[in-house]
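Subject: Structure for you to look at, with notes

Hello,

Here is the structure I promised to pass on to you, and below it are my notes on what was found. Please keep the structure open while you read, so that each residue can be looked up as it comes.

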Amino acid sequence: MSSVFLSKIKNRLPPRNLLPLLFAYMFDSLAISSYWIFFSIWLNENLITQEAGFKYPLLMLTLILAVPGLVSIIGSSLFSNFSDKTGRRKEIMFFARLLLMAQCILLIFFNTVPWQILLILGVFGVHNVFYILHNALSTTICHPDKRGEVSSFQMFFASLGWMIGSSVSGLIYTNLGIIGGFSFGAGFALITGIVTMFSPTKSSVEEDDELDASDTLIPNNEENSSEKIELSNRNHTNKPGSYWQILIRRSVLFLIIVLAVLDFGFGSFNTLSSIYLKEIGLSDYFIGFSNTIATFLGMGFQLFIGRVLDKKGRRPVLLISIIAYPIIFLFMYIFSSYWVVIFIFYSYPLYAMKIPTANAIMSDVTTSKERARGMSLLQFENTIFMYLGAFLGAFIADVSPDGLLTLPLFPLTFGAIAFVLAIFFIKETNKKLLGNNLPQFLEKNQTS
């Protein structure tokens, strides 16, 4: 009995070869959460104000916060492509964390003029490639049948780091100011880079690229030419797809469209959430505490989400994660005058199911040689549409008499639209569950 119990416990633990990457993700979340939660509040209270001459302060604030992500698109595409060709993913991740450390150090000394901050964030924004390559390397070195679990392990360790960081970020900001946050961020960024270098680059299990090998299963009525078509399919699929070729696969394109609608609606609230919470009456302590609760709950989700993704499928989990947006923000809009209610609903971890599911779907429909590009498409979508929505929401908040109280309307509306689109367009991609339908799935997934 004890051996069976221990075996079950062991099966629920992350694989040993993933531990360096998972701990690196934890330290990275510690670095970011040390300063980012209160960074927007600090900017809004000290630099980006109407008194300082900004006609649209929230829009200007959003621009500063958006710059790192928008700039990273160019650098991330180049580094992702380079990493797929060379396999040097952990080395690039180490370099990305050195850039984050340099960014935090510069912000310690140059933080009195908005344009200085904008320039520093823009020049070093490429450090966001860390997340793309982390997803790509993690889903490459893991067992092919456990990508859903691996994605949830990533979120578990990221949540652990964010929970620890957010629990002390309020104390850091209150006692040491934003300079203290930048200092902690720089230190943990360096630790992240060092830990990353201990990661292996290849799986301990020999992985056949399912997408490659399974394409040979596409039925062919001409038996005497089946061998030629099988060889042709292998030669075609062994060549990694370009960004465009990956994007136009039906399963990828539909996933990107659904997530784009969802992220566009969530963008303004996500970017200005700390300022929104301050506006409705939460203290610095409760703002940090709400992030702590959300990440603690997110960690709990990750204990079972991965197994659900691998055993029950990606589609139902994605649908549940999307419908949570309109439901939660409907209540937040209705009860916007009651900070306790907002505190409760804000503590729900919206990312906990959405991110690992999207990563698992993308790993299903890409080969190991093109996975960094596939993951970067998710990052590009998230960055572009999140901040496009943020710009719109910030402008409306600047000109509307309701101000920041309008923010929940965006994820409420666009979340409902994304849910309807997901019902019609998102199909199951877990090849283990597709069974006999796998050849048809692969045939539909081929690029034209």
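A residue is called buried when its relative accessible area is under 20%, exposed when that area is over 50%, and partly exposed in between. Phe-286, with a relative accessible area of 28%, is therefore partly exposed, whereas Tyr-285 reaches 55% relative accessibility and so counts as exposed. Please bear in mind throughout that this is a predicted model.

Aromatic rings

A pair of aromatic rings is described by the distance of the centres and the angle of the planes. The structure holds 33 aromatic pairs. One of them is formed by Phe-264 and Phe-414, which are arranged edge-to-face, with 5.0 Å from centre to centre and 70° between the planes. Because Phe-264 belongs to helix 12 (residues 250-271) and Phe-414 to helix 19 (residues 409-425), this pair ties together parts that are 150 residues apart in sequence. Phe-414 has 23% relative accessibility and so counts as partly exposed. Tyr-285 and Phe-286 also form an edge-to-face pair, with their centres 5.4 Å apart and their planes at 80°.

Beyond pairs, one aromatic cluster is made up of Phe-266, Phe-269, Tyr-276, Tyr-325, Phe-329 and Tyr-346. Rings can also be found together with a charge: the charged end of Arg-97 sits over the ring of Phe-130, 4.3 Å from its centre, and Arg-97 lies over the face of Tyr-131 as well, at 5.4 Å from the ring centre.

Salt bridges

Side chains of opposite charge can pair when their charged atoms come close. The count of salt bridges comes to 7. In one of these, Lys-278 is paired with Glu-45, and the closest N and O atoms are 3.9 Å apart. Since Lys-278 lies in helix 13 (residues 273-279) and Glu-45 in helix 3 (residues 36-46), the pair ties together parts that are 233 residues apart in sequence. Lys-278 is partly exposed, at a relative accessible area of 30%, and Glu-45 counts as partly exposed at 42% relative accessibility.

Are the partners in the next two salt bridges buried or exposed? Glu-370 and Arg-249 meet at 2.8 Å, N to O, and both of them are buried. Lys-354 and Asp-263 form a salt bridge whose closest N and O atoms are 2.6 Å apart, and because Lys-354 lies in helix 17 and Asp-263 in helix 12, this pair ties together parts that are 91 residues apart in sequence. Both Lys-354 and Asp-263 are buried as well.

At 1.5 Å a residue, helix 2 (residues 19-33) should span 21 Å, and its end C-alpha atoms are 21 Å apart, which agrees.

On the surface, by contrast, there is a nonpolar patch of about 710 Å² of accessible area, formed by Ile-327, Leu-330, Phe-331, Tyr-333, Ile-334, Phe-335, Tyr-338 and Leu-409 together. Helix 15 (residues 314-334) gives the most to this patch, with 5 residues. Tyr-333 lies in helix 15 and, at 36% relative accessibility, counts as partly exposed.

Best wishes

How values were computed. Residues numbered from 1 in each chain as written. Heavy atoms only, no water. Helix = DSSP H or I, 4+ residues; strand = E, 2+ residues; numbered from the N terminus. Expected span 1.5 Å × (residues − 1). Patch = residues over 30% accessible without salt bridge, like charges linked within 9 Å, V, L, I, M, F, W, Y side chains within 5 Å. Areas by Shrake-Rupley, 256 points an atom, 1.4 Å probe, with all protein chains shown as cover. Salt bridge = Lys/Arg side-chain N within 4 Å of Asp/Glu carboxyl O. Buried < 20%, exposed > 50% of the residue type's maximum accessible area, 1.4 Å probe, protein only. Phe/Tyr/Trp six-rings, centres within 6.5 Å; stacked < 30°, edge-to-face > 60°. Lys NZ or Arg CZ within 6 Å of the ring centre and 35° of its normal.
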